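Colleague: Could you walk me through this one? I'm new to it.

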Amino acid sequence: QALGEVHSGLKRPTEAVAAFSKALEVGGETVAVRLGRGGAYRQLGQFADAAADFDRLIALVPYAWQPWLQRGFCHATLGQWDKAQSDYDKVIEIGADQPFVFYQAGLVALGHNDAVAFEAKRLVMQKRYSGSLDPEAAWWTAWLWAHEASTPPADVLALAQRAVLQQPLNE
């Protein structure tokens, strides 16, 4: 496992996959190994293999939102919009109160040409984060709003400016 983590840290995903696979053979099933190998597969662009590792990880820890998020990304990249939306909805249901999760869920709805789901995610995000003083929340909310043609540009700019004022390096 440690060798896989070192390879991942060095941006050597092929070697990381091999090391994590060996760790699975020798040490058995662990959350860290499955998460590491799934991440390495993602780096290689092998999204179906990554999703399979995240499937197994979800079976091990169904209450953790990170594997659902990772698998959702894989499904979205593969154009499996229904599966991706289901995974992102599960992340939200589990309680990941992260603005980027709502952003990703909104993008999946757009990719699926589901205007109703997109608008629902956008409105929830607006209600939940538009008044936040957290610059990251303002940034993700502004980006999602920017994807909606009916959002007044002044609203998007106001959120972006708030993010920059709170974190000037984001300019």
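Here is a short chat about the fold, the cores and the charged pairs.

Colleague: What are we looking at?

Modeller: This is a predicted model, where local features need pLDDT of at least 70, side-chain atom pairs count only at pLDDT 80 or more, and totals for chains, interfaces and linings use all residues. Residues are numbered from 1 along each chain as its sequence is written, and side-chain values use heavy atoms, with hydrogens and water left out.

Colleague: OK, how many helices and strands are in the protein chain?

Modeller: The protein chain has 10 helices and 0 strands. Both are DSSP runs numbered from the N terminus, with at least four residues (H or I) for helices and at least two (E) for strands.

Colleague: And what share of the residues is buried?

Modeller: Of the 171 residues, 40% count as buried. Buried means under 20% relative accessible area, exposed over 50%, and partly exposed in between, with a 1.4 Å probe and protein chains only.

Colleague: Which residues have the most contacts inside the largest nonpolar core?

Modeller: Those are Val33, Ala50, Phe54 and Cys74, in a core of 16 residues. Helix 2 (13-27), helix 3 (31-44) and helix 4 (47-60) each supply at least two of its residues. A nonpolar core here is a set of buried Ala, Val, Leu, Ile, Met, Phe, Trp, Tyr and Cys residues joined through side-chain atoms within 4.5 Å. Apart from that core lies another of 11 residues, including Tyr88 and Val101.

Colleague: Switching topic: how many salt bridges are there?

Modeller: The structure holds 9, each being a side-chain nitrogen of Lys or Arg within 4 Å of a carboxyl oxygen of Asp or Glu.

Colleague: Is arginine 71 buried or exposed?

Modeller: Arginine 71 is buried, at 14% relative accessible area. Aspartate 87 is buried too, while aspartate 55 is partly exposed at 36%.

Colleague: What about arginine 56 and glutamate 29?

Modeller: Their side chains meet in a salt bridge (3.6 Å, N to O). Arginine 56 lies in helix 4 and glutamate 29 in the loop between helix 2 and helix 3, so the pair ties together parts 27 residues apart in sequence.
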